[in-house]
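Biologist: I'm new to this one and would like a guided tour. Could you show me how to read its features, one at a time?

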Amino acid sequence: MTEDLERILSQLTQADSAAIQQATAQLKMAFRDPAVIPALCAVMTGSQDPQIRQSAAVMLRMRVKKHWKKISPDHRESLKAVVLQAFQQETEHVVRHSLSQLSAVLVKHETPDRWPALLNLLNQSTKSSNPQDRQVGLLLLSKVVDSNPEAFKPHYRQLLRLFDTVLQDLSSPTALYYCILTLTAITAHTGQGELNMMRSLVPRLSVAIRHLVKADQDQASEAMEVFDEMMESDISVMVPHVSDIVRFWLEIAADASLSDSLRMKALSCTAFLIRLKSKVILKQKLLSPILQTVFPVLSAAPPPGQEDPEDQEDAENGEDAENPKHLAAQVIDTLAMHLPPEKLFQQLTPFMQACLSSKNPYEQKAGLMCLAVLAEGCADHMRTRMLPAVLQTVCQSLSDSNQLVRSAGLFALGQFSEHLQPDVSKYCAELMPLLMGYLSGLNQAKTGHVTKAFYALENFLENLGGEIQPYLPSLMETMLGALNNSENLKIKELAVSAIGAIANAAKEMLVPYFPPVIESLKASLTDIREEVRCLQTQALGLYLSASSASLCLSNPVSSVLGSRVLTYSLFSAVSTVSPESLTPHLSTITSVMLLSLKSTEGVTAHQDEEAQFVLLDDDDDDDSGDVVLDEEGEKEGNESDITGFSVENAYIDEKEDACDALGELALNTGTAFLPFLEVTFQQVFEMRDFPHEDVRRAAFASMGQFCCAQHKVWQGNPTEDNHQALQKLLSTVLPSFLEAVRQEHERQVVMAVLESMNGVLKSCQGEALRPAGRLGEISQVIRSVLKKKTVCQDGGGDEADDEQQAEFDAMLQEFAGEGIPLLASAVPADTFYPFLNELLPLIMNKAKSSCTVAERSFAQGTLAEIMQSLAAVSGGRPVAGRLSNRLLPVMMAGVRDSDPEVRNNSVFGLGSLAKAAGPIITEYPVRNPWVVPRYNTPCVPLEQVFPALLSHLPLKVDLEENRTVFDCMAFLYSHNPSLVVSHIKAVLSASSHVIGTKDLDADGQDTLLLFLRKLAQHHSCEFQCAVMSLPSERKAALVALVTPV
């Protein structure tokens, strides 16, 4: 049989397809004979052809991997002996490599302790005085350890001592490579006992990889994975050596002669370390060398005759192709997210200004890209301290003669419009003419450039609101022109998307433009070409949002339900507008979304190159009943020769959108969604552990919406079954939220979890806190976030540094703090008081004058909302009274703050405290007019304060405060009518601006209307006289509303 097998394997290497087919059929027959194992062993050790020996080893590996249980014990023992014998006598590297992989598969079944001959061979070869033997031994070691690292745990200390020796011998780069691969494999599994030994290896690693760079850059790039593993497993291993390690990474990143992949790996490691240990970066004074490295990378010109990927007009996916420039920008973005902006800008500004003032277009582009990526992480700092200057810089770039600079300026403006709101919208008069002129002069053939222009325009328009009115005719003329005259599908897609943004801002002002828009889109909606799918999706979404629910939702949704053009976000939008129209289709919609969540489409597995030798998939060699379970009950043969995966962005986006949409559908369709809630929830719940952070974020958000949806159903139909279903959901979701806040590494995911948990607390109130201990658990998690004790918060550095933190760190704490007033409103005050007593100091510390404006505003606003909650629950007054002596000085200091938002929140807090605590507050006389809405009237000189309040009306900003203002007037009238009547003209003037408008919510409208009718009834003369002083339009509207029907 041995000779036959060698002949068959030889035929498989020929170029003759007929011979290959014949050999494959013969090999299938051979595999049915149990003697195939010893026969392949004989070929593997005896053939004179290295390619056949390698093929035999690969065939054996496939056989062992998929059918280990069917191999007889004698053949197993023989195979174990033969593979080690073959390995020792083999001289060809490719065959050794295959033999080491065969050994690795055997180790998965026969642990090292059950294969002493393997351990002996490893021990002898890796310690041999012969460099070639050591290298071969380290190859075998790297493969068997990587296949089953935990099985080698008893030998870790011995292995680490070996690594220490190998890493000091720099004469063999290949040995260094295999040594580092083995270290990478065990790093995640090491325990506290190995930490000191690991720590001592770190400096040797950088020296070894530096030598490896000279020998093989691809191997060096792969070897640098060890740093990622160390940072993920236990960053403390690297901290003592972090300065040298970072400087080594920067040295690689700065060397333009090295491969892009190696430089990108170095920059990626740098960004990862910044995320995990930002305070160490500052403490070790590494910020300056990082900036000195990344700015030259970011501003480098491409090779002559080439362009950066994002500047290539003919590359559809150019912007998705990463290069060192993208990673350099990512490093700056990570610095912005994780460092205090004051400390970052102090060192970054000179580099950025030098780029912006340069005549070199690539340096100017780098400066603008830097401004763009700073906008998200340092939004407050840029809004409050830099906005006029940076906007001027960006606006100047839009008129630059070089398109590189203009494109970068557009991207920066888009980022500003997205992240620096509402302040950037105040520059509407300057920016809109500039953008309009820019769009009208664009060469539409340059799609990449047009895309950036539309990106800037869309983000700016989204937040304009009524300010868009003067520009609406020109905007729609431009968009309709793009729809009707452009043959470029991408331009049409951009125009449709922009019209959606215009609609969000203009609302009913856009109604006259919808007929021509829909007319322009009709042809696209009926086009069957594959390339117009994206345009169809956007067009249909715009069509649905443009049309009334009764007109369109009953028809297009049903008629195109099976069409691939409908996106999940579209279903979400429809469920908001007209949920009943989706009810008949929920079964189909949820089924499709569940398939998306379960799908692995878009994930590409990368096979080991050696799998190319196997032309036979021996799954077919036996009957279909050949399924064997191992000791753990898992199927044999479910492994493959996979070395890694690549995942398409669309695959991630689809799962994220499906999670988001399912939560929206559950919330908006209510009872109709109940039949699908359990199965959809279970699948979404599994997504909470998905590798990509965006999917995890969406899953947690959706889980919260499921809880709110079930609570809404129970409120509408309070049966015991609905109540039990709610409690079952809460008992699964809330513990998973708490665990995620403690253990999740990504801050954005934790923020999403806290936001979702706050939504559940707000909706479900006491039902969410029913189980004993849950109130304490949630309070403790909030406390951990406020004290920076969770995994996603960098706990390193000195306590003295804590007053300065990254804006995203502050945002995370704000999300946690928002939960405190929600807890206070959900249970009796005495129940929450012990937990509140622990949380309050952490909030009050952020009201210090040394804290940022955002932190002071957050602290005062949170204290105010806590008091507001206490005023509405049982036992709130005595608890608020007990807290008043601690809170009053803090709130009074806030009233004197230099920032108007902090002052407003502080005044609101004083009023809320007074209302909650009652007459106990007497020793703090207040003359600020904005305290009136909540403050206890005996403490306020109303004759002075009430006229001052009226003089600030009508409100121009913070229109939600109208509710408080008119509640205040009604309250004052009930306690001191003569005071209100004495200022009735001002009262009616202020009221006439908001009554019957969107500037006051429904409950506020009811309060105001009742108040005005009382005035008219009990003080008719004064009321009529005051009404006559109003302008005719407002007078008529007010009289019509106040006069009873």
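Biologist: Is L665 buried or exposed?

Modeller: The cut-off for buried is under 20% relative accessible area. L665 has 0%, so it counts as buried.

Biologist: What about a charged residue, say K655: which side chain of opposite charge is nearest?

Modeller: That would be E654, 6.8 Å away. A salt bridge needs the charged atoms within 4 Å, and K655 has none, although it is buried. K655 lies in helix α34 too, which spans residues 649-669. Not counting residues up to four places away in sequence, K655 touches S596, L597, K598, S599, M687, F690 and V695.

Biologist: Can we do rings now? How many aromatic pairs does a search of the whole structure find?

Modeller: It finds 10. The general idea is that a pair of aromatic rings is described by the distance of the centres and the angle of the planes. Take Y177 and Y178: their centres are 5.3 Å apart with 50 degrees between the planes, a tilted pair. Y177 has 10% relative accessibility, so it counts as buried. Y178 is at 6%, so it is buried as well.

Biologist: And what are the distance and angle for F411 and Y455?

Modeller: Those ring centres are 5.9 Å apart and the planes are at 20 degrees, so the pair is stacked. It links distant parts of the chain, with F411 in helix α23 (residues 403-419) and Y455 in helix α25 (residues 447-462), 44 residues apart. At 22% relative accessibility, F411 counts as partly exposed, and Y455, at 24%, is also partly exposed.

Biologist: Which residues do ring pairs link into a cluster?

Modeller: F673, F676, F681, F685 and F706. One of them, F685, also has a charge over its face: R688 lies there, 3.8 Å from the ring centre. Elsewhere, R882 lies over the face of Y833, at 4.5 Å from the ring centre.

Biologist: Last topic: confidence. Where is it lowest and where is it highest?

Modeller: Helix α30 (residues 549-552) is lowest with a mean pLDDT of 36, while helix α17 (residues 287-299) is highest at 97. The chain averages 83, and 85% of the residues score at least 70. Over residues 546-566 the pLDDT stays under 50, and the model gives that stretch 38 contacts beyond four places in sequence. Residues 926-937 are below 50 as well, with 53 contacts beyond near neighbours in sequence.

Biologist: How should I treat such stretches?

Modeller: Where pLDDT is low, the predicted coordinates should not be read in detail.

Technical notes
Residues are numbered from 1 along each chain as its sequence is written. This is a predicted model: local features need pLDDT of at least 70, side-chain atom pairs count only at pLDDT 80 or more; totals for chains, interfaces and linings use all residues. Side-chain values use heavy atoms; hydrogens and water are left out. pLDDT is the predictor's confidence in each residue, from 0 to 100. Helices (H or I, at least four residues) and strands (E, at least two) are DSSP runs, numbered from the N terminus. Contact means heavy atoms within 4.5 Å. Rings of Phe, Tyr and Trp (its six-membered ring) pair if their centres lie within 6.5 Å; planes under 30 degrees apart count as stacked, over 60 as edge-to-face and the rest as tilted. Buried means under 20% relative accessible area, exposed over 50%, partly exposed in between (1.4 Å probe, protein chains only). A charge sits over a ring if NZ of Lys or CZ of Arg is within 6 Å of the ring centre and within 35 degrees of the ring normal. Lys and Arg count as positive and Asp and Glu as negative; His and the chain ends are not counted.
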